[in-house]
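Please keep the sequence and the structure in view while reading.

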Amino acid sequence: MLGNVTTLYQADPDLANASKYLVLKQHESDTSLLVPGTSSALGVISKKTGVFTIVAGNITASGYKEGA
Amino acid sequence: MGLVSYGTWKIELYAGECGINGTADGALKEARFTFPGHMVRDPVTELIYLAGKCLRKIHQWSKRINALPNTCLKDGLVHTGVLIDPTGGLVVLQKTQVLKYDLSSNNATLEVVAGNETNGAACENCTFIDALFDWLSDAKYILPTILLLVDTENNQLRLMNMTSEIVTALMSVGQGSVNDNYKRAKLLNTHCLTADETYIYVGELGPITKISYAG
């Protein structure tokens, strides 16, 4: 049964265009959403708090670089 | 195409080569990609399917990447999504069409399930044959026979009932506030989704919203 629509996470307005390319995937932990496509960063969003955390890359700097 | 290791979050080059576009098949780093789209991993076969100009199959163990037969689209068309069909095979999105591909046949072709190559506006309670879409960005089965579609240019979430073969609108968008009852809620530039047992999560231009749909 459908219910309410609520905002889980609101991107920084400066990143609005970048967030157009967000791709949501269920994270393996099932407590967060994996967001592989936020500009040049990989992030997770907590399903409980809506907090967005970058886990790899840099949201303002693109490039090619491997690493931890 | 990068490989992300969970836990350490280490990122390594997995396939293709940085800065070099193309469409070539081959072993991991010999393969070439151009704006690859959605991917899905079959947990049974451990194969990864990749949507793009062609549908491609990534063998995680043999490390080969190959286009599936009869899946390369003519110029101007691109696969915009791929997912595992609960009844077998793949469901494939192609901007304005929902297609199926039978993985058990050597002569499989992409079979049109709904929509056609012409984009069009959403309609309510359309048959699969009559339904029109305008850039299908993402999809997910929220029940074994109910496929939820992101119809981006129509700014609409749409439901395909695989049993009745009817397409309906999930919600009337754009008439209320951002946070509202689903009948009045406003969505903007919807383009991706995922879901768990309680919520549908939708990516928009800026926010990520969640729609309660269970309980």
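## The disulfide of chain B

With 105 degrees about the S-S bond, the link between B:Cys54 and B:Cys72 is right-handed; the model that shows this link is a predicted one. The sulfur atoms of B:Cys54 and B:Cys72 lie 1.9 Å apart, and over all chains the count comes to one disulfide. B:Cys54 sits in the loop between strand S5 (47-50) and strand S6 (56-59) of chain B, while B:Cys72 sits in the loop between strand S7 (64-67) and strand S8 (81-84) of that chain, so the pair ties together parts that are 18 residues apart in sequence.

## Where chain A meets chain B

The contact between the chains takes 35 residues from chain A and 41 residues from chain B. The size of an interface is often given as the accessible area lost when the parts come together. For chain A and chain B this buried area is about 3,300 Å², 59% of it on carbon and sulfur atoms.

Across the interface of chain A and chain B there are five residue pairs in polar contact, with both residues of each pair at pLDDT 80 or more. On the chain A side, at least two residues each are supplied by strand S1 (4-10), helix H1 (16-19), strand S2 (25-26), strand S3 (32-38), strand S4 (41-46) and strand S5 (52-57). Strand S1 of chain A gives the largest share of this side, seven residues. Sorted by class, the side of chain A that touches chain B has 20 nonpolar, 10 polar and five charged residues.

One salt bridge is found across this interface. The side chains of A:Lys47 and B:Asp196 meet in a salt bridge, with a distance of 2.6 Å from N to O.

## Salt bridges within chain B

Side chains of opposite charge can pair when their charged atoms come close. Over all chains the count comes to eight salt bridges. Among them is the pair of B:Asp25 and B:Arg56, whose closest N and O atoms are 3.2 Å apart. B:Asp25 is partly exposed at 36% relative accessibility, but B:Arg56 counts as buried at 8%.

B:Asp85 and B:Lys100 also form a salt bridge, their closest N and O atoms being 2.8 Å apart. Because B:Asp85 lies in the loop between S8 and strand S9 (90-94) of chain B and B:Lys100 in strand S10 (residues 97-101) of chain B, the pair ties together parts that are 15 residues apart in sequence. Here B:Asp85 counts as buried at 4% relative accessibility, and B:Lys100 counts as partly exposed at 26%.

In the salt bridge of B:Asp151 with B:Arg158, the closest N and O atoms are 2.9 Å apart. B:Asp151 is buried, with a relative accessible area of 0%, and B:Arg158 likewise counts as buried at 0% relative accessibility.

Technical notes: Residues numbered from 1 in each chain as written. Chains lettered and ligands numbered in written order. Predicted model: local features only at pLDDT ≥ 70, side-chain atom pairs only at ≥ 80, totals over all residues. Heavy atoms only, no water. Disulfide = S-S within 2.5 Å. Helix = DSSP H or I, 4+ residues; strand = E, 2+ residues; numbered from the N terminus. Contact = heavy atoms within 4.5 Å. Buried area = accessible area lost by both parts, 1.4 Å probe. Salt bridge = Lys/Arg side-chain N within 4 Å of Asp/Glu carboxyl O. Polar contact = N/O pair within 3.5 Å; in protein donor to acceptor, adjacent residues only side chain to side chain. Nonpolar A, V, L, I, M, F, W, Y, C, P; charged D, E, K, R; others polar. Buried < 20%, exposed > 50% of the residue type's maximum accessible area, 1.4 Å probe, protein only.
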